[in-house]
Structures are given as structure tokens and as C-alpha cells.
Amino acid sequence: MKKAWVLIPMLMILIAGLAIKKANGSLFKTAASRNVLTASPFDQAHRNKLSQKGQAALAFAKSHAFNTSYCFLIDMSLPSGQDRFFVYLMNTDSIRAAGLVTHGRCNEEWLEGRKYGNTVGCGCTSLGKYRIGNSYTGRFGKAFKLYGLEKTNDKAFDRYVVLHAHECVPSRETKEEICQSDGCPTVAPDFLKRLDPLIRQSDRPVLLWIFE
């Protein structure tokens, strides 16, 4: 197996085939040669799953004064090299855009499979619904604050879990697993540019829902 690449603070250090870079509370580790099971994200079973989640999101949005035109759905049951971040159009029950997104490594050198957590410092993805807040400029450029709305993710703000981009995330699907984060749902830079106007131009909060 090839050596993995890891990213840590403000410099690149090459040690035994590992490079690490850490900034702004997020750590990224990329596996160069890990196989991913390939399957269409839009087969009928997955279409049905997204439709069910999307309609549940619409009901939540209506009752909590969120945007009722679109929301963001992240399906962590899919391989990381496959599109699993979806811009879901509620009124037409359809997908407007899809892209890759990281999951948290739970402070492991490389997390095999999935684990979830909601404690400060756990480094894991937190499942649940989020309100997307204001943007700010951090070490990764533009990022959006996230506010967890459930017991499974209500520590997101305290954990500095935000929606942002990083160049370690490819713009297209890959047969390899992509980098892992310290819990932030991190996307490709060009995909964040597509999400940015949807968040900024909305007159109501946009819902982001991470599920399995």
C-alpha cells in the first residue's frame, strides 16, 4: 500500500512518506491508494433515500422558518470518493448539484469506516441537522459557521465545525478515498463557489443535514 499524505499547521513536513498540514482546527489526511466501491449515487434505492430525506427536510424547514426551496443533504453511508453532498430542490424533489465532501477522522491517523461524535476535541463528524450561519474568512479562505440543531451535533459551534473548502478534496468523483478532516464537512474549492450564492442570497437560513 502506498504511503498516505497528511496535511498540519502552516508548513509541509515530509517524514517517512507522510506530509502533514494543520490549520484553523482542521486536520486533513489523504490516502493515495485506497480502493472505493463504485456505485451510481443515483440508482433507484438512493434516489428514494434522498427523496425521503428531502421531504423530511422540507417539513422541518416549514416548521422552523428555514429556506423551503432547497437544502443541503450529506449522505455519509456513501464512499468518500463518491459524490455525497447534494443540493436538494424541495419543490421539484430533484438534485441541483452534487460534490465530494470529507468526514472526520476522529483523531486517528486514518479512520477506517465511520465513527461519529459530538464532544469538543473528538475530531469526528456529527450526524444531524445544522443551520448554516454567516461566512467569515479563515486560513482556508471563506467558511460558513454551522450550528447543530440536535443532541447529536449541538456542540458543532464549540468544536469550530464549519463548512469550508480545501484543495485536498477533488472536484470530481474518484476510485480512491479522499482526505479526512477533524469533523468539518469540507468540499472542493469550486464546489464551495457553487454553494456560496445559495447560502448568501437566501432570505432564510439554509438547512444542512448530515445523515447515514
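**Close-up 1. C122 and the residues it touches.** Not counting residues up to four places away in sequence, C122 touches C106, N107, G117 and R159, where contact means heavy atoms within 4.5 Å. This is a predicted model, in which local features need pLDDT of at least 70 and side-chain atom pairs count only at pLDDT 80 or more, while totals for chains, interfaces and linings use all residues. Residues are numbered from 1 along each chain as its sequence is written, and side-chain values use heavy atoms, with hydrogens and water left out. You will find C122 in the loop between β8 and β9; helices (H or I, at least four residues) and strands (E, at least two) are DSSP runs, numbered from the N terminus. Is C122 buried or exposed? C122 counts as buried because its relative accessibility is 12%; buried means under 20% relative accessible area, exposed over 50%, and partly exposed in between (1.4 Å probe, protein chains only). The C-alpha atoms of C122 and D182 are separated by 7.9 Å, although these residues lie 60 positions apart along the chain.

**Close-up 2. N153 in its loop.** The loop that holds N153 runs between β10 and β11. With 0% relative accessibility, N153 counts as buried. Which residues is N153 in contact with, leaving aside its neighbours within four places in sequence? They are N118, S126, L127, G128, K129, Y130 and G148. From the C-alpha atom of N153 to that of G117 the separation is 7.9 Å, with the two residues 36 apart along the chain.

**Close-up 3. The hairpin of β9 and β10.** Here, β9 and β10 form a hairpin with two residues between them. Strand β9 covers residues 128-138 and strand β10 covers residues 141-148; they run antiparallel and are joined by seven bridges. Two strands count as paired if DSSP finds at least two bridges between them.

Close-up 4. Eight strands make up an open sheet with mixed pairing, in the order β8-β7-β6-β13-β9-β10-β11-β12. At the edges are β8 (94-99) and β12 (186-187), each of which pairs on one side only. Strands of a sheet pair through backbone hydrogen bonds, either parallel or antiparallel. Between β9 and β13 the pairing is antiparallel, over four bridges, and G128 has I210 in β13 as its bridge partner.

**Close-up 5. Two helices on the sheet.** Helix α1 (residues 44-63) lies across β6 (70-75), β7 (85-89), β8, β9 and β13 (207-211), and runs at about 135 degrees to β13. Helix α2 (residues 189-200) also packs on the sheet, where it touches β6, β7, β8, β9, β10, β11 (162-165) and β12. The direction of α2 makes about 60 degrees with that of β10. For these angles, axes are lines fitted to C-alpha atoms, for helices over the stretch in contact, and values run from 0 to 180 degrees between N-to-C directions.

Close-up 6. What volume does the largest pocket have? The volume is about 150 Å³, counted as the space filled by probe spheres set on grid points that are joined across faces, edges and corners. On a 1 Å grid over the protein atoms alone, a pocket is an open set of points where a 1.4 Å probe fits, with protein on both sides within 12 Å along at least five of seven lines; lining residues have an atom within 4 Å of a point. Among the lining residues are R131, N134, F144, I199, R204 and P205. Both β9 and α2 give two or more residues to this lining, and β9 gives the most, with five.
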